[in-house]
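User: I want to go through this model with you. Can we take it topic by topic?
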Amino acid sequence: MDLSVPQVMGILNVTPDSFYAGSRMQTERDIVARARQILEEGGSMIDIGAYSSRPGADHIDAEEEMARLRCALQLIGRECPGAVVSVDTFRADVARMCVEEYGVGIINDISAGEMDEAMFATVARLGVPYIMMHMQGTPQDMQCQPHYENVVREVMIYFSEKVQKLHELGVKDVIVDPGFGFGKTLEHNYELLNHLDDFAMLGLPVLVGVSRKSMIYRLLCGGPEGALNGTTAVHALALMKGADILRVHDVREACQVVQIVNKMKGKESESVF
C-alpha cells in the first residue's frame, strides 16, 4: 500500500458494547452494509474488531472472539473480495486463525504484544504488517489514574524497544499507533497530538485513532454521537503533523479531510465524490 498519501481505515465492530453505538454491527446484513460503506466512501482498509477495548469493557474469551470474527470475515470475503482487511486483536491464536483461514492482511494489536507474549513471534511467522499501539495497563484498568513523567518521551522509548524486538524476529512492516485514549488523560492525549511529528524519527508509518473519542467529546462537553465536528478538526491536525493512516468511524468525512490537507501540501489524492 502506498502511504505517500495518507490512507483511511474504516472501523467495523462486531461487538455489542463498543463505546460508539454507531460502530456496532450485529447482523449479517449490517456487517456487509458497513463493509461496503467503508469501501464506497473511500476507505482503503476495513478494521474488524470483535473485542471491545473501551475503558471498563467486559472481557470475553478467545473462543467468543473467534466466533464473532469467523462470521464477519466469511461475509466480507464473499461480498467484498479483494478488500484489505485488518483485524483488531491482541491474541496470537486469533491473529493466526484470521490470517491462515481468511487471508487477513494486517494485524492491529492494542497491546503491542503485552497481553500475549506469543504475538510477536506469531506475526513474524505469518509475515503480515503489524500495527502496534501503546497502552498503559489493560482495557479494564487503563484509565485508573494513568501517570507519565513525560508522555511523549516514554511512548517513544516504548516503541523503540518494541521495534527492535520485532526487527530481530524478522517483522518488516510495522506501523505505530500512539494509543490516544488508552491509559492517558485528556492532557496526555493533546500533548501526544502536539508532538505527533516527533514520531517521524522512528522511520515508520503512524496510525492515529481519535475518532469520536473522549479526548474530543469531553473537551467539548458532549458525547460520542456529537463528536464528528471535533473529530474532523483533530484529523486535520494529525495529518498536518504527519499521520499516515486515520482509523475512523466516519469514512467519507475523513477522506475529505485527507483531500483538503493533501491539496494544501501540493499532493494529489483521489476524490471520494
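This is a predicted model: local features need pLDDT of at least 70, side-chain atom pairs count only at pLDDT 80 or more; totals for chains, interfaces and linings use all residues.

User: Good. How many aromatic pairs does the structure hold?
Analyst: It holds 4. One of them is Y158 with F159, edge-to-face, at 5.9 Å centre to centre and 65 degrees between the planes.

User: What do ring pairs link into a cluster?
Analyst: Y158, F159 and F199. The F159 and F199 planes lie at 70 degrees, with ring centres 6.2 Å apart, so that pair is edge-to-face. It links distant parts of the chain, 40 residues apart: F159 sits in helix α5 (residues 151–169), F199 in the loop between α6 (186–194) and β7. Helices (H or I, at least four residues) and strands (E, at least two) are DSSP runs, numbered from the N terminus.

User: Are F159 and F199 buried or exposed?
Analyst: Both are buried. Buried means under 20% relative accessible area, exposed over 50%, partly exposed in between (1.4 Å probe, protein chains only). F159 has a relative accessible area of 0%. Y158 is at 14%, so it counts as buried.

User: New topic, helix packing. Where do α3 and α4 stand?
Analyst: Two packed helices are described by the angle between their axes and the distance between the axes. The axes of α3 (residues 92–102) and α4 (residues 119–126) come within 9 Å and cross at roughly 15 degrees. That makes α3 roughly parallel to α4. Angles under 35 degrees count as roughly parallel, over 145 as roughly antiparallel, 65 to 115 as roughly perpendicular and the rest as oblique. Axes are lines fitted to C-alpha atoms, for helices over the stretch in contact, and angles run from 0 to 180 degrees between N-to-C directions.

User: Which residues meet there?
Analyst: From α3, A92, A95, R96, V99 and E100; from α4, M119, T122, R125 and L126. Contact means heavy atoms within 4.5 Å. By class, that contact has 5 nonpolar, 1 polar and 3 charged residues. Ala, Val, Leu, Ile, Met, Phe, Trp, Tyr, Cys and Pro count as nonpolar, Asp, Glu, Lys and Arg as charged, and the others, Gly among them, as polar.

User: And α8 with α9, at what angle do they pack?
Analyst: About 35 degrees, with the axes 10 Å apart; α9 covers residues 251–265. The α8 side includes L228, H235 and L239, and the α9 side includes V257, V261 and M264. The contact has 9 nonpolar, 2 polar and 2 charged residues.

User: Backbone next. What is phi at R212?
Analyst: Near 60 degrees, a positive value in a residue other than glycine. R212 is in the loop between β7 (207–208) and α7 (214–217). At 4% relative accessibility, R212 counts as buried. C221 also has a positive phi, about 60 degrees, and is not a glycine. C221 lies in the loop between α7 and α8 (228–240). Its 73% relative accessibility makes C221 exposed.

User: Last one: where is D197?
Analyst: In the loop between α6 and β7. D197 counts as partly exposed, at 37% relative accessibility. Its C-alpha is 32 Å from that of G82, 115 residues apart along the chain.

Methods: Residues are numbered from 1 along each chain as its sequence is written. Side-chain values use heavy atoms; hydrogens and water are left out. Rings of Phe, Tyr and Trp (its six-membered ring) pair if their centres lie within 6.5 Å; planes under 30 degrees apart count as stacked, over 60 as edge-to-face and the rest as tilted.
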